[in-house]
Amino acid sequence: MNLQQATLETWTSEAAEFGDNIREELETRKCEAWTNLILAHAPKKEYLHFLDIGTGPGFFPIILTKAGHSVTGIDCTEEMLKQARKNAAEQQVSPHFLLADGQDLPFDDNSFDCVISRNVTWTLLDAEQAYREWLRVLRPGGRILIFDANWNRRYHDPELMRQFEEDQKRYAKLFQKEEMQVLSPEGEAYRRNVPMCKRQRPQWDFDTFLEIGVKRLYCDADITDLVWDEERKVRYRSTPMFLLVAEKPI
């Protein structure tokens, strides 16, 4: 399976749906919750230059631009960037969006104060290379904020699969909604084969950052109460979102 091609095809085909989801999210209290969480862990500066890796429909750039910061959002698919630009225009902000590979960044060394990503690092085909790149473009003392979960690790852990299926049934019963849509064979194969989905995280990320020279790291293994609504907490109870913060040495 050509994972690079599968990555591009997957997120190109899902861009419109993700765009709709983000437009809904922009109308909720999640904007304030996410802004507060990011700024609580970002470097303590009045004005920050953020790089959002895998920006998708542009949620982070929109909320952080509204908070008075400079944000560059990159994505590997033009369709996602079209959604991001549309959402930004509707919100009357103008972050910078760019088509780029998160594993091979087109930026100079020491360009950003903070690198952020949400639900993206599980898709990386060479996460160690990506993390080296993210550190490279950070200014000394800058920080990487990774918001992610063990998405799709259930394909490699029968107990996680059992818990996930129970979550879906409980979600459907409590909220009178359908269980998660069944993936196509291609979609399931992609998620099954992405390397990061086979790893136990955030432990793998933590160890990798130590290996590449990061000295200051901390992690919150479950931030769901801070940024998820009740439906999402039920639906993904067995896959909590974590926050990992890595600081570039001075």
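Leaving aside its neighbours within four places in sequence, Thr7 touches Cys76, Leu125 and Tyr190 in this predicted model. Thr7 sits in helix H1, which spans residues 3-13. With a relative accessibility of 8%, Thr7 falls under the 20% cut-off and so counts as buried.

One of those partners deserves a visit of its own. The side chains of Thr7 and Tyr190 are joined by a polar contact of 3.4 Å. Tyr190 belongs to helix H8, residues 185-193. Its relative accessible area is 0%, so Tyr190 is buried. Again setting aside neighbours within four places in sequence, Tyr190 is in contact with Met1, Leu3, Ala6, Thr7, Thr10, Trp11, Trp122 and Thr123.

| Helix pair | Crossing angle | Axis separation |
|---|---|---|
| H2 (residues 15-25) and H5 (residues 78-90) | about 25° | 9 Å |
| H6 (residues 127-137) and H9 (residues 203-211) | roughly 55° | within 10 Å |

How do H2 and H5 run relative to each other? Their angle of about 25° is under 35 degrees, so H2 is roughly parallel to H5. The crossing of H2 past H5 is right-handed. On the H2 side, the contact uses Ala15, Ala16, Phe18, Gly19, Ile22 and Arg23, while H5 brings in Glu79, Met80, Gln83, Lys86, Asn87 and Glu90. Sorted by class, the residues of this contact are five nonpolar, three polar and four charged.

The pairing of H6 with H9 has another geometry to look at. H6 passes H9 in a right-handed crossing. Here Ala127, Glu128 and Tyr131 of H6 meet Trp204, Asp205, Thr208 and Phe209 of H9. This contact of H6 with H9 is made up of four nonpolar, one polar and two charged residues.

**Backbone spots to check**

Most residues other than glycine have a negative phi, and most peptide bonds are trans. With that in mind, a few places in the loops are worth a click.

Which peptide bond is cis, with omega near 10°? That is the bond from Arg201 to Pro202. Pro202 is found in the loop between H8 and H9.

Asn110 has a positive phi of about 60°, although this residue is not a glycine. Look for Asn110 in the loop that links strand S3 (96-99) and strand S4 (112-118). Its relative accessibility of 37% lies between the 20% and 50% cut-offs, so Asn110 counts as partly exposed.

Gln176 also has a positive phi, near 55°, and is a residue other than glycine. This residue lies in the loop between helix H7 (158-175) and H8. Is Gln176 buried or exposed? With a relative accessible area of 68%, which is over 50%, Gln176 is exposed.

Terms used:
Residues are numbered from 1 along each chain as its sequence is written. This is a predicted model: local features need pLDDT of at least 70, side-chain atom pairs count only at pLDDT 80 or more; totals for chains, interfaces and linings use all residues. Side-chain values use heavy atoms; hydrogens and water are left out. Axes are lines fitted to C-alpha atoms, for helices over the stretch in contact, and angles run from 0 to 180 degrees between N-to-C directions. Helices (H or I, at least four residues) and strands (E, at least two) are DSSP runs, numbered from the N terminus. Angles under 35 degrees count as roughly parallel, over 145 as roughly antiparallel, 65 to 115 as roughly perpendicular and the rest as oblique. A crossing is left-handed if the near helix is turned anticlockwise from the far one by less than a right angle, and right-handed if clockwise. Contact means heavy atoms within 4.5 Å. Ala, Val, Leu, Ile, Met, Phe, Trp, Tyr, Cys and Pro count as nonpolar, Asp, Glu, Lys and Arg as charged, and the others, Gly among them, as polar. Buried means under 20% relative accessible area, exposed over 50%, partly exposed in between (1.4 Å probe, protein chains only). A polar contact is a pair of N or O atoms within 3.5 Å; within protein, one must be able to donate a hydrogen and the other to accept it, and residues adjacent in sequence count only if both atoms are side-chain atoms.
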